[in-house]
Amino acid sequence: MSFNYPALATPARCTADFSLIPIGTQNASFSQQIADIQRLLMEASQQTGLKYQMNPTGTTIEGSWDQVVQVIGFAHTLIHQEGVPRIQTDIRISTRTDKVQPMEGNLVSVQRILSA
């Protein structure tokens, strides 16, 4: 299905924090699946230039809107294929039109303030 709204397009670039939450598994640990998602992101990064950084409660990714949304969908499919029957995902997406600021730039800005 294709949806076109006159004079609108998805943002060119975005940064997204996402965290997949497995539902219906017997094991409380999700470490193996997180490692599998990190391998997926590594491959996506090598193929498309997508940037990513794992953090204690999820992963931050940066790239084109389409790449970011697609790789989150691939993560869902990967984990479903591993037998997880249901996944809930928390996603926070940031876009900017006033300037280009890589995800590392956000950290540098705060660190500069803290060191002053």
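Which residues does glutamine 33 touch, not counting those up to four places away in sequence? I put this to the predicted model and found two partners, Ile79 and Glu82.

**Entry 1: glutamine 33 and its helix**

I placed glutamine 33 in helix α1.

At 1.5 Å a residue, its 18 residues should span 26 Å. The end C-alpha atoms are 25 Å apart, which agrees. Just after α1 I noted glycine 49, which takes a positive phi of about 85 degrees.

**Entry 2: the sheet**

In what order do the strands of the open sheet stand? I read off β2-β3-β1-β4, four strands with antiparallel pairing. β2 and β4 are at the edges; each has a single partner strand, so one side of each is left without a neighbour in the sheet. Neighbouring strands are turned by 20 degrees against each other on average, direction ignored.

I went through the pairings of β1. With β3 I found six bridges in the antiparallel sense. With β4 (residues 86–94) I found nine bridges, again antiparallel.

In β3 it stands opposite threonine 59, and in β4 the bridge partner of phenylalanine 18 is isoleucine 91.

**Entry 3: helices across the sheet**

I looked up which strands the helices lie across. α1 lies across β1, β2 and β3 and runs at about 160 degrees to β2. Helix α3 (residues 103–115) also lies across β1, β2 and β3, but its angle to β2 is about 55 degrees.

**Entry 4: the core**

How many residues make up the largest nonpolar core? I recorded 17. Those with the most contacts inside this core are Phe18, Leu20, Ile37, Leu41, Ile61, Val68 and Ile79. The elements giving two or more residues to the core are β1 (13–23), α1 (31–48) and α2 (65–81). The largest share is that of α2, with five residues.

Leaving aside neighbours within four places in sequence, leucine 41 is in contact with Phe18, Leu50, Tyr52, Thr59, Ile61 and Val71. Phe18 and Ile61 are also among the core residues with the most contacts. Thr59 is the residue I had already noted opposite phenylalanine 18 in β3. Ile79, which glutamine 33 touches, is likewise on the list of core residues with the most contacts.

**Entry 5: the annotated span**

I checked the record last. An unreviewed UniProt entry carries the annotation "domain: Thiamine-binding protein" for residues 16–111. In the model, this span is 46% helix and 30% strand. I noted its end C-alpha atoms as 21 Å apart.

Definitions and conventions. Residues are numbered from 1 along each chain as its sequence is written. This is a predicted model: local features need pLDDT of at least 70, side-chain atom pairs count only at pLDDT 80 or more; totals for chains, interfaces and linings use all residues. Side-chain values use heavy atoms; hydrogens and water are left out. A nonpolar core is a set of buried Ala, Val, Leu, Ile, Met, Phe, Trp, Tyr and Cys residues joined through side-chain atoms within 4.5 Å. Buried means under 20% relative accessible area, exposed over 50%, partly exposed in between (1.4 Å probe, protein chains only). Contact means heavy atoms within 4.5 Å. UniProt positions are given in the numbering used here, feature names are shortened, and annotations may be inferred rather than shown by experiment. The expected span of a helix is 1.5 Å times one less than its number of residues. Two strands pair if DSSP finds at least two bridges between them. Axes are lines fitted to C-alpha atoms, for helices over the stretch in contact, and angles run from 0 to 180 degrees between N-to-C directions.
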